[in-house]
Amino acid sequence: MSQSLQSYLVISSALFAIGVFGLLGRRNLVAVLISLELILNSASLNFLAFNKFSLPDKSLGQVFVIFIIALAAAEVCVALSLILLLYRKKDSINVEDAKELRG
Amino acid sequence: MIADIFFMGVALLTLLGALLAVSLKNVFYNALSLILSLFGVACLFIFLNSEFLAIIEIILYIGAIAIAIIFAIMLSSPMIQKKEEKPDVKKIARSFILAALFFWGLLQTLRRTVWPAANPEGDYSLGAIGKSLLSNQILPFETVSLVLLVAIIGALMLAEKKGTAR
Amino acid sequence: MNLFLFLPETVLLAAIVILLCLTLAKKDYGTPVLGFFLPALGAILVLASFSSLPHSGNLFSNAYRVDPLAQGFKCLIALSFFFTAILNQNRLSIPFDREIEYGIFLLSATLGMMMMTGAVDLLALYVSMELSSYSLYLLASLRQDRRSPEAGVKYLIFGAAASGVFLWGASLVTGLSGTTSLLEISGKVPVLIWQPAFSLGLVFASFAFLFKLSGFPLHFWAPDVYESAPTPVTNFIATASKATAVAILIRFFMLTGIPGVFIAALGALAFVSMTLGNTVALVQQDVKRLLAYSSIAQAGYILTGLLAGSFAGYSSSFFYAFAYVLMNTGAFLVTSVVAKTANHDNPRLSDFDGLAERSPFLALLLLLSLLSLAGIPPLVGFTGKWILFSAAMDKGHWFLVLWGVLNSVVSLFYYLTLVKHAYLEKPVVSAPIAVSGGTRWLGLFLIIGLIALGLFPNAFITFAQQAILKGAAL
Amino acid sequence: MDLALLWTIQLSGLAAFLLIQLLPRSAKKIAPAIGIALSFLAAAASAKLLLDHANGFGLPVQFSHPWLAVSDRAVWPNIPVERYALFVGFLLDPLNLTMITLVTSISFFVQLFSFYYMNEDRSRARYFGFLSFFSFSMTGLVLSNNLLQTFLFWELVGLTSYLLIGFWYEKESAATAARKAFVVNRLADLGFYLGIILVLILFGSLNFTDLKSQALAQVLPPATLTLVGVLVFLGVMGKSAQFPFHVWLPDAMEGPTPVSALIHSATMVAAGVFLLHRAFDLFSASATTLLVILSVGCLTALTGAALATIQRDMKRILAYSTVSQLGLMTMAVGAGSSTAGFFHLSTHAYFKSLLFLTSGVFIHRFHTNDIWEIGQKGGKNDRLAIGFLAFGLLSLSGLPPLAGFFSKDLILEAIKEKNLFFYSGALFVSFLTAYYSFRMFLVIARGRIRREERPHAESRALKISRNVPLLCLATLSLVAAFLGMPSFHFNFEMLLTTAAILVSGGGLAILRFRDPEAAEQKLLAGKTFMQKILERKFFIDDAYEFLVKKVGLAIAHALNRFDRTVINGLMVNETSFSVMRLGRLAALLQNGALQDYLAWAMTGGVLILFAFLHFYRGTP
Amino acid sequence: MSPFPILSAILLCPVAGLILVLLTPRKFETAIKFLSLLAASGTLVLSIILCKIFNTADPGFQFVEHLEWIKSYGIHYSNAVDGLNVSLILLTAIVIFCGILVSWRVTYRVKDFFANMLFLVSGVFGVFMTTNLFFFFLFYEIAVIPMYLLIVIWGSTNKQYAAMKLTLYLLLGSALMFAGFLYMYSLPEARTFDLLTLKQNVHFSPPIQNILFLGLFLGFGVLAACFPFHVWSPDGHVAAPTAASMLHAGVLMKLGAYGILRVAVTLLPEGARHWAGLIAVLSLCNIVYGALVATQQKDLKYIIGYSSVSHMGIVLLGIATMTTVGFNGALFQMFAHGIMTALFFACVGFIYDGCHTRMADELGGLSKQAPMISTFFILAGLCGLGLPGMGSFVAELLVTIAAVGTYPMIGITSITALLITAFYVLTAVQKAFYGPVNPHHADFKDLDWLQFVPRAVLVGCLIFFGIFPSVFLNWVSLSTKILLGG
């Protein structure tokens with residue numbers, strides 16, 4: 001395994017898949033959030049890998065990743081407060097306890 | 001060669017961290033593993049000639065996001081005390097199968113694609129990034145500030161305990 | 001730079017700044033803001049959008065495109081904002097002390113949506129999409145009941161996952177084409193389309209937009225969020241957000257084309273969306289939830305037009321999006337009044353009992369809106385569906401068309417059930433419903449719009465066609 | 001040209017009907033006057049025509065007007081288009097001149113008599129209206145120059161018959177009888193209708209002048225000719241109460257008696273025989289058809305006569321007698337001598353309507369139909385009526401030289417020439433006729449009076465309106481025989497046969513009914529097997545009831561169930577329920593669990609991914 | 001273009017009436033009624049004028065009106081009449097005129113009622129006169145929804161179920177039409193919804209004709225209550241208020257049969273020939289099955305409902321023969337049946353208003369109390385059972401002639417319906433009108449003059465066209481010839 005574009009892509013795919021696994025499998029909302037971060041990171045990794053290996057403008061990928069990270073921060077910020085709010089209302093951050101809206 | 005071995009190590013570290021982050025039962029450990037994984041990602045960024053991004057990853061992601069998560073976990077102490085019940089085998093199997101299938105599909109796609117020849121030459125400098133941010137990407141740059149503003153107001157609003165229905 | 005090119009966005013930015021300043025004030029300006037400022041701003045925004053309609057050009061290093069397509073959709077979003085601002089008169093579950101925040105989020109969401117319609121760069125698109133999304137997540141969890149954060153969390157996680165998929169797709173597209181500009185990518189599509197990763201990137205990116213459109217299988221958030229959100233917010237999500245999704249899908253498909261396999265997949269998704277939306281709506285009791293499923297079904301119809309991938313398909317989708325905003329607003333307008341009367345922001349079917357006696361005007365509006373949603377002439381929904389399906393038929397999607405029409409018959413069942421409650425059942429309280437001035441005028445406007453656009457759609461259809469033509473020209 | 005007279009005859013009935021309908025409620029009492037006056041006008045006009053004819057006015061006269069074009073080359077490419085027009089028009093020839101005279105005259109007398117008979121009824125206006133409408137329809141039927149127009153009026157007379165049988169519709173039995181008459185006639189008319197359509201399609205013209213044996217035989221193969229003939233004959237069987245469609249006629253006696261006299265004995269029921277004569281070529285073109293006609297006629301005559309022997313109801317006896325006489329007429333036609341049949345028709349019309357009117361006198365006075373009761377209430381005291389009754393019955397049983405004798409004689413002769421088997425049947429019918437005629441007369445005339453009812457004091461007008469028609473009809477039935485006799489040659493053998501039969505039949509009746517009281521006692525004491533069968537009317541009504549209720553309505557019931565359960569239940573409701581169920585099922589997807597949502601979304605993504613991979617499998 | 005757009009005028013009369021009614025304040029009920037009557041009389045007069053000035057020697061379209069509407073989709077507002085629709089326009093005008101008069105006694109939500117009626121009839125007129133498929137569909141659906149409201153608000157007997165069933169069923173049928181129309185449009189040589197242009201420019205290949213025709217036939221067949229898609233119709237009739245039943249059975253069901261002739265047979269003659277046998281069999285089911293089921297009904301409206309199913313079968317049979325005689329008969333039957341059922345429902349509605357029941361068993365002796373209404377009912381019944389002298393006799397005669405000529409067995413079997421119809425009509429008459437007077441309905445009052453007029457008009461039409469059928473056939477026969485490519 002060498003430092004080729006493909007190996008980066010494989011790593012990021014794996015990261016994505018692990019993120020998906022956590023997203024679908026974990027019951028704790030914080031853990032779900034963590035999985036989402038993994039997914040975003042895999043996308044960032046993708047961008048930077050492409051940045052190095054194929055993009056003509058080497059700042060493009062980096063800029064994109066900066067935005068991803070910034071928005072991820074915003075997302076976590078909102079998500080955490082929502083999760084806290086949920087916890088406050090329901091005394092649980094288990095996804096499966098948030099099943100009131102249904103049908 | 002050594003770089004390759006080091007690269008492999010980092011990659012393994014990243015994936016291991018990620019795996020632990022989603023599989024450990026305790027949320028707190030999850031968060032710690034996430035940090036591990038993010039650290040690996042940051043290292044990979046360095047391999048990709050993006051040292052600035054690696055730093056940002058560490059400062060922002062590890063320093064801010066992951067810590068925020070840990071804070072959140074700590075702040076609401078019962079959140080960790082309440083252990084997850086028995087693992088739901090069906091659910092885990094389902095997510096595993098879906099993730100595996102997805103992974104396999106992605107790999108196949110990647111395998112079948114003819115990738116362009118590597119072209120690592122170019123200007124990776126911070127200056128270039130800055131220039132790009134303030135010229136080509138000015139619109140997202142401005143917008144993202146608004147997003148952050150909204151997120152902050154939102155987070156504050158949600159965290160505030162007031163709020164009465166009319 | 002021509003001011004008109006960025007006029008609506010500027011108006012919105014200015015308004016956000018004003019509201020931000022107001023939050024700093026000690027006094028609570030919530031009521032005047034929602035009662036007067038937002039409707040007035042909505043009117044200004046509509047005027048601004050319409051006045052900038054004829055202008056076109058590229059902004060921000062070609063990342064932002066101002067053309068009739070974008071401007072048309074901006075007008076639509078502005079209208080939708082305006083309608084929502086008027087609907088605010090009947091707000092019920094927006095907390096007292098969060099009205100200004102509510103205003104800010106509404107404005108930022110509108111801004112994000114408007115920018116999405118113009119963004120022709122993946123990065124700009126992504127950022128503006130997140131701007132609107134976050135605002136909507138926050139709007140959706142404004143309500144102060146037990147279930148509100150649940151809806152917010154679901155909405156957010158679903159949305160974040162969709163963004164993840166979008167980003168992955170965007171990275172593949174960017175990586176293989178070497179650029180984030182859709183305009184440049186557009187030129188490279190014929191070569192790159194044979195690269196699986198590139199097409200997969202396109203598929204991932206557009207798949208993520210289904211989240212905004214609330215099409216199957218990314219629709220799951222919709223019923224829960226529609227139910228839990230305050231009614232004006234639901235209206236805004238249902239109209240503006242969906243219109244934006246149509247705009248961005250048109251833009252995306254028009255510039256990059258639709259990979260052949262994805263047409264079939266979209267067909268299947270449209271099929272399931274319609275079927276699922278309509279059948280599940282049959283068994284709903286909560287009107288907002290019912291309308292959510294109806295909107296899922298409508299997403300299926302729109303997809304049918306979009307996947308035609310033709311000039312006619314795009315222009316009719318544009319037309320239909322416009323029609324959809326009108327008729328959905330009509331339905332939500334009535335719902336909001338009924339909710340207010342019932343003092344319960346989740347009106348059930350039975351809350352509509354005797355509406356025709358309590359307020360014939362609202363009942364008529366409800367009737368027309370729902371019939372229009374079901375595609376009954378001479379209302380705009382019918383004309384829209386006609387040209388939408390005719391575009392799909394042109395491309396040989398006869399089965400989808402047939403299925404779509406059959407589905408509208410099914411949908412008529414629940415629409416008529418609601419109509420029946422309004423016209424037939426005896427009300428528990430028979431006091432007439434007081435309808436505020438704004439609501440009345442908006443209702444009148446909608447009634448006229450529904451009928452007039454249904455009967456005399458020629459001008460608008462021509463405009464939509466021009467918009468598509470100009471939007472397709474690089 | 002005397003089309004004006006024809007129009008007068010044709011339209012006077014309609015005019016009377018419309019006038020009566022338009023009368024204001026207060027003026028309804030002059031309705032009888034209108035009816036009688038206009039029917040007199042028609043009768044006078046036809047008498048004038050008859051006179052003109054006698055004075056050498058050339059017949060036939062035809063007037064024809066296109067009514068409706070049905071040309072279609074696509075269906076019938078070989079036949080000239082212009083033939084497929086349907087016409088309306090008159091055809092007046094000696095045959096229907098006789099018939100029209102008969103119809104208008106009897107109609108007039110019956111209307112006159114009705115003034116007496118219906119004097120106390122409050123719905124008189126309706127009655128006279130319907131009666132006038134009947135005259136209109138019947139004249140239309142008779143004057144028509146083509147089959148379709150005949151059918152048209154054929155149905156209209158059926159309608160008036162329905163309305164008049166059910167005239168006292170408050171009575172359940174009357175309403176049922178009316179419906180029965182219409183439906184049974186309808187059943188038979190289906191054949192007629194189909195026959196007409198076949199003639200039209202295959203032959204191309206419905207005009208009587210075109211329907212000639214040779215022309216028909218040129219175009220149609222023999223089997224088809226038979227089919228068409230039998231189909232049209234089915235219509236005749238219905239209207240002329242031929243076996244097995246005769247069941248409606250006895251029940252039709254629920255109507256007012258003058259109606260029975262006019263419609264159900266003299267004119268309408270004779271329309272079938274009239275049609276047989278009118279379109280004789282259609283039937284005579286095939287020997288099989290004639291044989292069918294002969295057999296049906298024979299069966300009818302026998303059934304009718306046999307059933308008449310045991311009835312107690314005066315009108316029913318007469319009704320069965322009518323059935324039997326109609327059978328005889330049909331037999332005549334079947335034997336190839338439609339002239340004889342038609343002659344019997346005209347004589348029978350007069351004396352049968354006389355009989356009915358006479359029975360009307362009895363019924364009106366004694367308020368009962370039962371001959372024993374009439375006898376007990378003093379039937380014999382009404383001398384005039386008894387006289388007319390005797391006259392009519394003797395004519396019916398064929399006593400020379402009364403009208404019935406001549407016409408029946410002709411028929412017997414014709415049948416004898418044709419087929420001895422049927423001849424014996426006809427003789428037996430004559431025997432039975434004599435038997436039941438005598439029986440009826442004896443029971444009425446020799447009844448021991450128990451509780452005599454005095455006649456009401458009647459005004460002069462009423463008396464006139466009662467007696468004049470009787471007298472005139474009696475006279476006419478005498479005269480008609482001599483006037484209308486086609487060709488008479490004295491046949492001594494036949495005279496002897498007739499006399500023998502009359503004597504034996506009458507003798508048997510005298511033997512059994514010289515003392516009606518004793519006969520009744522004996523009847524009550526025990527019934528023979530034959531009597532039981534006769535009382536059940538040979539089980540024909542039962543068979544009908546079985547067919548309608550156990551077969552027809554059972555099928556309808558099953559279909560109704562099918563409609564409700566299978567089509568409405570399974571096909572419609574279940575489909576919608578299934579959609580509903582699908583909705584409920586699909587709603588389970590939305591179970592509130594975020595990760596299930598995500599899993600579904602992911603599944604969708606994975607499926608698309610795999611479809612995608614499948615699509616791109618070719619590339620390296 | 002003719003100097004005076006008489007067709008649009010006919011269409012605009014009810015539309016104008018509708019707008020005026022909507023603008024009239026709710027409390028002026030009499031004014032609303034008179035406005036509606038005025039609108040209906042206007043269309044009636046114009047329709048009669050149209051029939052008078054209609055040129056029977058011209059087989060093509062007359063009084064053509066044409067207006068660009070949505071140009072890029074080949075959608076024009078274009079109206080025209082030929083033999084196929086001139087009579088149906090007259091029929092609609094007569095029925096709505098009578099319907100408005102019959103509804104004079106409506107007291108509940110008067111304004112809404114008359115507005116719906118006028119709206120409904122505008123749709124029907126539109127369908128009958130337009131020559132553009134878009135507008136055909138548009139007007140068709142316009143006609144359906146007011147029917148739903150009329151039934152659901154002013155109806156009786158299980159009205160919600162019936163109304164929903166009717167609406168969904170009709171729209172289900174229209175879904176097939178919709179797909180068919182769009183398919184035609186999508187062909188490269190078509191690109192228009194204009195009927196004439198489609199007929200001239202497009203030749204559909206045989207397999208396409210077969211499939212399209214089947215689809216369109218099913219779509220229209222639902223509306224024409226073709227077996228086995230008929231169940232909506234009796235239920236709908238029963239639940240609907242009187243005037244709505246009149247329009248529904250009298251006119252709305254005719255839209256389906258008209259559509260088959262106007263669209264399906266006109267554009268897809270080969271397809272029509274291909275499926276004619278099937279249609280004939282289905283129509284036979286309609287005729288006999290409908291009649292048999294009618295014998296089992298207790299409710300007078302159900303009886304009439306199933307008799308409509310049976311009579312519409314005759315229309316379909318006429319079409320299935322693919323001959324001019326059959327077409328003429330079908331059109332005639334459409335007209336005659338329209339008038340006849342309108343009369344039927346006008347009578348039953350009146351009885352229901354007075355006696356509050358429609359069960360034949362629970363009535364009885366009405367002839368004594370209310371001779372006029374029973375006379376009208378009996379006249380309608382007589383027309384229903386095909387009595388000569390009434391319009392439907394001629395119609396049935398023509399259809400039967402054509403059917404016996406083309407499908408002998410089916411034609412012959414279909415005749416049995418005459419017997420069954422006679423049976424159930426007379427049974428109903430006997431139960432409801434004959435027999436002793438039922439004391440429950442002792443205070444039942446007969447028609448007054450206002451209620452007498454509409455029914456008399458209907459009877460007058462039946463008898464007029466029964467006696468002078470050539471007036472009608474002159475209108476239609478040239479156009480039906482053209483339809484078969486003559």
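Student: What distance separates the centres of domain 1 of chain C and domain 2 of chain C, taken over C-alpha atoms?

Tutor: The model is predicted, and in it the two centres are 21 Å apart. Domain 1 of chain C covers residues 1-254 and domain 2 covers residues 258-474. Their contact draws 46 residues from domain 1 of chain C and 51 residues from domain 2 of chain C.

Student: Which elements supply at least two residues of the side of domain 1 of chain C that touches domain 2 of chain C?

Tutor: A contact surface can be read element by element. Here the contributors are α3 (68-87), α7 (182-192), α8 (196-213), α9 (221-228) and α10 (231-256) of chain C. The most comes from α10(C), with 14 residues. Sorted by class, this side of domain 1 of chain C holds 27 nonpolar, 15 polar and four charged residues.

Student: Chain B is also divided into domains. How far apart are their C-alpha centres?

Tutor: Domain 1 of chain B runs over 1-77 and domain 2 over 128-166. Their C-alpha centres lie 24 Å apart.

Student: Next, the chains. Which chains have the most contacts between them, among the eight pairs that touch?

Tutor: Chains A and B do. In that pair, 60 residues of chain A are in contact with 75 residues of chain B. On the chain A side, α1 (5-25), α2 (29-53) and α3 (58-90) each give at least two residues. The most comes from α3(A), with 23 residues. By class, the side of chain A that touches chain B has 41 nonpolar, 14 polar and five charged residues.

Student: How many residues of chain D are in contact with chain E?

Tutor: The contact involves 42 residues of chain D and 44 residues of chain E. Elements giving two or more residues on the chain D side are β1 (61-69), α5 (147-165), α6 (172-203) and α24 (540-587). Of these, α6(D) gives the most, with 15 residues. The class count for this side of chain D is 30 nonpolar, five polar and seven charged residues.

Student: How many helices and strands does chain D have, and what does its C-alpha trace span along its principal axes?

Tutor: Chain D has 25 helices and two strands. Its C-alpha trace spans about 120 × 60 × 60 Å along the principal axes. Of its 620 residues, 56% count as buried. For the contacts in chain D with a separation of 6 or more, 82% are between residues 24 or more positions apart.

Student: What end-to-end distance does helix α2 of chain C reach, and what is expected?

Tutor: The general step is to set the end-to-end distance beside the span expected from the residue count. Helix α2 (residues 30-51) of chain C has 22 residues and reaches 29 Å from first C-alpha to last, close to the 32 Å expected at 1.5 Å a residue. A kink of about 35° lies at Phe37(C) in this helix, shortly before the proline Pro39(C).

Student: Which elements do the buried residues of α2(C) pack against?

Tutor: They pack against α1 (7-24), α3, α4 (99-118) and α18 (437-455) of chain C. Among the buried residues of α2(C) are Val33(C), Leu34(C), Leu38(C), Pro39(C) and Leu41(C).

Conventions: Residues are numbered from 1 along each chain as its sequence is written. Chains are lettered from A and ligands numbered from 1 in the order in which they are written. This is a predicted model: local features need pLDDT of at least 70, side-chain atom pairs count only at pLDDT 80 or more; totals for chains, interfaces and linings use all residues. Helices (H or I, at least four residues) and strands (E, at least two) are DSSP runs, numbered from the N terminus. A residue is buried if 20 or more other C-beta atoms lie within 10 Å of its own, exposed if 12 or fewer, and partly exposed in between; C-beta atoms are placed from the backbone. Two residues are in contact if their C-beta atoms, placed from the backbone, lie within 7 Å. Ala, Val, Leu, Ile, Met, Phe, Trp, Tyr, Cys and Pro count as nonpolar, Asp, Glu, Lys and Arg as charged, and the others, Gly among them, as polar. Domain bounds come from an automatic or database domain assignment. The expected span of a helix is 1.5 Å times one less than its number of residues. The bend at a residue is the angle between axes fitted to the seven residues ending there and the seven starting there.
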